Amino acid sequence: MPEPYVPKEAISHGDGATANLAMSEAESLERPPGPGGGPGDPSLKARSLWSDAWHDLRRNPIFIISALVILFLIVIAIWPSLIASGSPYKADLSKAQRGASPGHPFGYDTQGRDVYTRVVYGARASITVGICATAGAALLGSVLGGLAGFFGGWWDALLSRIADVFFGIPIILGGLVFLSVVTSGSVWPVVGFIVLLGWPQISRIARGSVVTIKQNDFVQAARALGAGNGRMLLRHIAPNAVAPVIVVATIALGTYIALEATLSFLGVGLKPPTVSWGIDISDAATRIRNAPHMLLWPAGALSITVLAFIMLGDAVRDALDPKLR
């Protein structure tokens, strides 16, 4: 009787022999009869989570539309002069609150500044705050939450109580108190405030993901083979636990952009001369009856931006969550 076929992967890698053998058996059961169904057929190669997610995202129209909108917003945030040749600070009081005219499709604001130019230049502040705040909150929350979930004990308990304290602070009230004492009108105090109150949410997601992953058999096998804590975190746990963090961070990015506009509207976020959609909405709120165009265009740009990031986050969540397939 001939010997049964054993994949080479199961022989050459002792730490993953069981998983590789099971994968080979599964492929042999699913392999259709006929030519091209041999063990070395590249078409039968199993896809990873990330390649499978990218395969789904490329066929999701919501992802494509939202990604194109976000790409366009990032481009105009970096090079606003590509579609707006004027200056957002140039004012002509003789044209204050006028409607659309040739060369100025969005009209003018109370100081005679071109609304279209200010809407285009306002994307820079919103995108900068959103991306920097999300990156900071995701990095800080992932590190703290991941370490708490991995080591547990007093470190986990301490971090959970600190996170509970930050969860109890209302965001708008905290912004009014924290940013009211800041004299700078740049984006960095707003970014710092959002990171300060945004990391606990991501830390809980990261902690729960790490606690779930570290109980899997491949992590226990790596520990039994003598892998240190650093290797286990970086090579085995972090790559498998990062997906939920990416989903939450992508959705939170749109929320942070809306939060920046809200704080700027209340007068404690970005301050002139910084060009911001929230500042322009605040200036136009009292003149909505006489010059509604001053409010509609920056508010519309803000809504489209926030919606695009939320749609992108939903698409990424659907692609990375196996339960939704």
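Biologist: With which residue does Arg207 form a salt bridge, and how far apart are the closest N and O atoms?

Modeller: Side chains of opposite charge can pair when their charged atoms come close. The criterion here is a side-chain nitrogen of Lys or Arg within 4 Å of a carboxyl oxygen of Asp or Glu. Arg207 pairs with Asp156, the closest N and O atoms being 2.7 Å apart. Arg207 belongs to helix H8 (residues 188-213) and Asp156 to helix H6 (residues 153-167), so the pair ties together parts 51 residues apart in sequence. Helices are DSSP runs of H or I with at least four residues, numbered from the N terminus.

The model is predicted: local features need pLDDT of at least 70 and side-chain atom pairs pLDDT 80 or more, whereas totals for chains, interfaces and linings use all residues. Residues are numbered from 1 along each chain as its sequence is written, and side-chain values use heavy atoms, leaving out hydrogens and water.

Biologist: Are Arg207 and Asp156 buried or partly exposed?

Modeller: Buried means under 20% relative accessible area, exposed over 50%, and partly exposed in between, with a 1.4 Å probe and protein chains only. Arg207 is partly exposed at 32%, while Asp156 is buried at 12%.

Biologist: How many salt bridges does the structure hold, and which residue meets Arg118?

Modeller: There are seven salt bridges. Arg118 meets Asp280 at 3.1 Å, N to O. Arg118 lies in helix H5 and Asp280 in helix H11, so this pair links parts 162 residues apart in sequence. Arg118 is buried at 4% relative accessible area, and Asp280 is buried at 9%.

Biologist: Which residues touch the most other members of the largest nonpolar core?

Modeller: A nonpolar core is a set of buried Ala, Val, Leu, Ile, Met, Phe, Trp, Tyr and Cys residues joined through side-chain atoms within 4.5 Å. The largest has 33 residues, and those touching the most other members include Val119, Ile127, Trp277 and Phe309. Helix H12 provides the largest share of this core, 12 residues. Setting aside neighbours within four places in sequence, Ile127 is in contact (heavy atoms within 4.5 Å) with residues including Leu73, Ile257 and Phe309. Another core, of 30 residues, lies apart and includes Val190 and Ala252.

Biologist: Where does the kink in H10 lie?

Modeller: A bend is the angle between axes fitted to the seven residues ending at a residue and the seven starting there. In H10 a kink of about 55° lies at Ala238, shortly before Pro239. Gly267, whose phi is positive, near 90°, follows H10.

Methods:
Helix = DSSP H or I, 4+ residues; strand = E, 2+ residues; numbered from the N terminus.
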